[in-house]
Amino acid sequence: MRLTEYNNIEDFLVDNTFQEYCSGENDQCIAYWEKYRIAHPEQEETIAQAKRLFHILSGNKKPLNEQLKAFKEIMAKTELEEVKTPVFRLGRWAKIAAIFIALGGAYLWYSREGVTPEVVDREMSSLVTTYETQKGEKKEFELSDGTKVTLNSASKLEVEQAFNHDDRHVHLVGEAYFEVEKDKEKPFVVHTNDFDIRVLGTSFNIKSYPDELFSEALLVEGLIEMKSKGVNENSIVIKPNQKVTLYKEDKSLIAIDKKLGKPLPKVAVKEIAIQEVDEPTEVEPLTDIAWKENRLEMVDQDFQSLKKVLERWYDIDITLEGDKIQDYRFTATFNQENIEQVLQALQEVKPFKFIRDGKNVTIYEK
Amino acid sequence: MKGTLRYRMLWERIRAGDEDAFFDLYAALYNELVNFGIRTCGDTDLSTEATDQIFVTLWEKRTSLDRVDNVQSYLITFLKRRILRLIEKQQKINKALQNVKAEDEWFEMPYEDFIICVQTNEIIQLRLKEALEKLSFRQKQLVHLKFFEGMTYEKIAEQTGMTVKTAYNTLYDALKVLREELKEF
């Protein structure tokens, strides 16, 4: 029903074309009423009031056309400027727990000969702020740009003085959880000895200990780009709940397909693995950042790699004696237990004995 | 049913990376999703943010999406989780959500409650409350279905058993009352 005359607010608001103009859902209605408004300046006040009342009664939602425009801008910002097309197609692998890729038969990433792990291979200005943790220690702090960092045990983060001038570079040895402040103008880059990570306002976990076989990056939110170090510059884009594991040693590794539970064929080349990690539910957050919440979690981990985690967590030295023991695998969660309680609990699963002498713990076969 | 089929088709195109289909789906379901958030949380900004976020995530994960039977319920479930997460982050205690225990126990407020909740201006809240109290049940229903849910007069007539003409007149009378109370705004 169209009135031929519009006098007051309710005359406008009862008209469904005017309603669609206010809600921003119909381009023709929008065009019609915008023209009408210009043609009837004496009714401007009434029309404006009608629009405001509509806004209130509809729940203060933005008109759809405006909302869509704003959303398109948000989408444009979250997409990376240069998206490097990955060599692989992630869609196919959504169901597979862990994929190992040998790229081109050659080393994708290789560390330069003769470089000791401690050398920082980037030019940093001489003034550097260092955050460090001892074994068994954890530190939480904020950088000058508002980025929050949680540093796990036996780790070190170096922040140069020029941080947050043109860009934001830090260097990490060990493990840290980052919640990076969004700043499109100043890319946030984390350098480790094995790879560089460029981020755009995200939350992620990086693990790169020199004495460990693997380096990992787990992304919780946002998007990050991982760039290799070395002659072949390759980069990968990671999306939330994906974990990239870099195998540093070029020895033969026995890789286990987590889902199938059996070993994959031995491979001789250095590899990277990308895993789709299960979307965390409110009840079960991600294992990899459990340390941040003071939980010690192990998922199907062998004693050999577990030993390092326990050493760092409890600031002790562990000796594993016996060949069988190295391959024992455990899945467990601990929260506030001490090392003896942890070991006792693990003994329930697999038979072993242990002796503790202050900071030294020896684990041996029964 | 026509809507469901259309959304399923848009969904498949989104999985294949069709950006136009993505924005079409956004435009088509936006109000429905934000409205759900408003009815349960009484917070338009939170609802809007949560809805935008799930769409961003949807696009980011488009290649790993499964086929979906009912796009709307899938997105509502997704939205619920995101709203909870946002609330945790913002630590907002919301009267409706104090009642939420599990995903299927979301309590929806009646129009006259949530429409007041979302107002950020206290004076508007007060005036609106007084205005709504002056309306009859039918008048309130018309205002809710027309302005919040965005239904056509035909649809409203069908749903309430009124004629289109009665719906029209009822709305007109309601607007007179509302206009009187809220005219300074």
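Tutor: Residues are numbered from 1 along each chain as written, with chains lettered from A and ligands numbered from 1 in written order. In this predicted model, local features need pLDDT of at least 70 and side-chain atom pairs pLDDT 80 or more, while totals for chains, interfaces and linings use all residues.

Student: What makes B:Val71, B:Leu75, B:Leu79 and B:Ile83 the buried residues of H4(B)?

Tutor: Buried means 20 or more other C-beta atoms within 10 Å of a residue's own; exposed means 12 or fewer; partly exposed lies in between, with C-beta atoms placed from the backbone. Those four residues of H4(B) are buried. They cover an arc of only 95° around the axis, so they lie on the same side of H4(B). The arc is taken from the directions from the helix axis to the C-beta atoms. The face turned away carries exposed B:Ser73 and B:Glu88.

Student: Why is a set of residues called a nonpolar core?

Tutor: Its members are buried Ala, Val, Leu, Ile, Met, Phe, Trp, Tyr or Cys, joined through C-beta atoms within 7 Å. The largest such core has 58 residues; A:Leu13 and A:Leu53 have the most contacts inside it. H2(B) gives the largest share, nine residues.

Note on methods. Helices (H or I, at least four residues) and strands (E, at least two) are DSSP runs, numbered from the N terminus.
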